[in-house]
Amino acid sequence: MSSTFDTIANIIAETCDIPRDSITPDSHAINDLGIDSLDFLDIAFAIDKAFGIKLPLEQWTQEVNDGKATTEQYFVLKNLSARIDELVAAKGA
Amino acid sequence: MRLEYFQLIDRIVDLNLADRKISSEATVPTTSTIFEGHFPGYPLMPGVLLIEAMAQTSGWLVVALNRFKRMPFLAAVKEAKLRTFVTPGQKLAITAHLEHDGSGYAITAAKIKCGGKLICDATLTLRVLDFPNAEMGRQMRETADRIGLQVEAPVNG
């Protein structure tokens, strides 16, 4: 079974036509990979489908805008993977 | 269709919130300045307006599902296929189904048929945002009333 990170990286590579080997756990989706908000909707849709969850993008964006969180907390891929694992665990609880 | 106002839907025919589906109808006007240019001597309904009709039908579905609390805006069009010409006077049957209700966005699958024949289809992405002002929300409810979209709006909406 592939890891959460591998699944996300494959989705990003396919959705945004980014070479898979350039996507690492430390990649920042926006700052390093250059993914814009519209492309991120496609990624979110694919993640929602793959994991059976609903990424709380609006909540995350609000927290960043309010200064309560940094973009790194949600958009560095290892952190995004951790958030997804939390959402999957919460769904199964 | 009120092409001059970019309001393409004449009437909501069916709304099924449980199944997240909507059906609407729209008749292409027999005359419009659009047809003078598209094309001279051979009037055709522009394909982008067919896509817009699918987007507006999808939008009404999203508005109905969130009961006028938020406004959908077209963000992306995928797998759009314009299968045959549409000409002035034709009556279109438009359907949309909510494929995914995301956080701040929605994905719909929409189709247009004419006389039972599939005319076009597409997968649409809509950003779903708060109404930018109260006036827009009011205008949307007025248009909804005109086209027969019957959904209970929030009291304070």
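**Figure 1. Helix 1 of chain A crosses helix 5 of chain A.** In this predicted model, the axes of helix 1 and helix 5 (residues 77-92) of chain A come within 9 Å and cross at roughly 115°. The crossing of helix 1 and helix 5 of chain A is right-handed. On the helix 1 side of chain A, look for Thr4(A), Phe5(A), Ile8(A) and Ala9(A). They meet Leu77(A), Lys78(A), Leu80(A), Ser81(A), Ile84(A) and Asp85(A) of helix 5 of chain A. Sorted by class, this contact between helix 1 and helix 5 of chain A comes to 6 nonpolar, 2 polar and 2 charged residues.

**Figure 2. Helix 1 of chain A also packs with helix 2 of chain A.** Here helix 1 (residues 4-16) and helix 2 (residues 37-51) of chain A sit with their axes 10 Å apart, at an angle of about 140°.

**Figure 3. Chain A as a whole has 5 helices and 0 strands**. Going from the N terminus, the elements of chain A read α-α-α-α-α. Along the principal axes, the C-alpha atoms of chain A fill a box of roughly 30 × 30 × 20 Å. For 93 residues, a compact globule would have a radius of gyration near 12 Å, and the 12 Å of chain A agrees with that.

**Figure 4. The sheet of chain B is open and antiparallel, with 6 strands**. Walk across the sheet of chain B and the strand order is 1-2-4-5-6-3. At the edges are strand 1 (11-16) and strand 3 (70-82) of chain B, each pairing on one side only. On average, neighbouring strands of the sheet are turned by 25° against each other, ignoring direction. Helix 2 (residues 47-65) of chain B packs on this sheet and touches strands 1, 2, 3, 4, 5 and 6 of chain B. The direction of helix 2 makes about 50° with that of strand 6 (117-130) of chain B.

**Figure 5. Zooming in on the strand pairs of chain B.** Strand 1 and strand 2 (residues 21-27) of chain B run antiparallel and are joined by 5 bridges; Leu15(B) has Ile22(B) as its bridge partner. Next along, strand 2 and strand 4 of chain B pair over 7 bridges, again antiparallel, with Ser24(B) opposite Ile94(B). Strand 4 and strand 5 of chain B are joined by 8 bridges, and Leu98(B) faces Thr108(B) across that pair. These two strands of chain B form a hairpin with 3 residues between them. In the turn, Gly104(B) has a positive phi of about 85°.

**Figure 6. Where chain B touches chain A.** How many residues of chain B are in contact with chain A? There are 9 from chain B, in contact with 10 of chain A. On the chain B side, strand 3 and strand 5 of chain B are the elements that give two or more residues. By class, that side has 4 nonpolar, 5 polar and no charged residues.

Conventions
Residues are numbered from 1 along each chain as its sequence is written. Chains are lettered from A and ligands numbered from 1 in the order in which they are written. This is a predicted model: local features need pLDDT of at least 70, side-chain atom pairs count only at pLDDT 80 or more; totals for chains, interfaces and linings use all residues. Two strands pair if DSSP finds at least two bridges between them. Helices (H or I, at least four residues) and strands (E, at least two) are DSSP runs, numbered from the N terminus. Axes are lines fitted to C-alpha atoms, for helices over the stretch in contact, and angles run from 0 to 180 degrees between N-to-C directions. Two residues are in contact if their C-beta atoms, placed from the backbone, lie within 7 Å. Ala, Val, Leu, Ile, Met, Phe, Trp, Tyr, Cys and Pro count as nonpolar, Asp, Glu, Lys and Arg as charged, and the others, Gly among them, as polar. The radius of gyration is taken over C-alpha atoms; the globule rule is 2.2 Å times the number of residues to the power 0.38. A crossing is left-handed if the near helix is turned anticlockwise from the far one by less than a right angle, and right-handed if clockwise.
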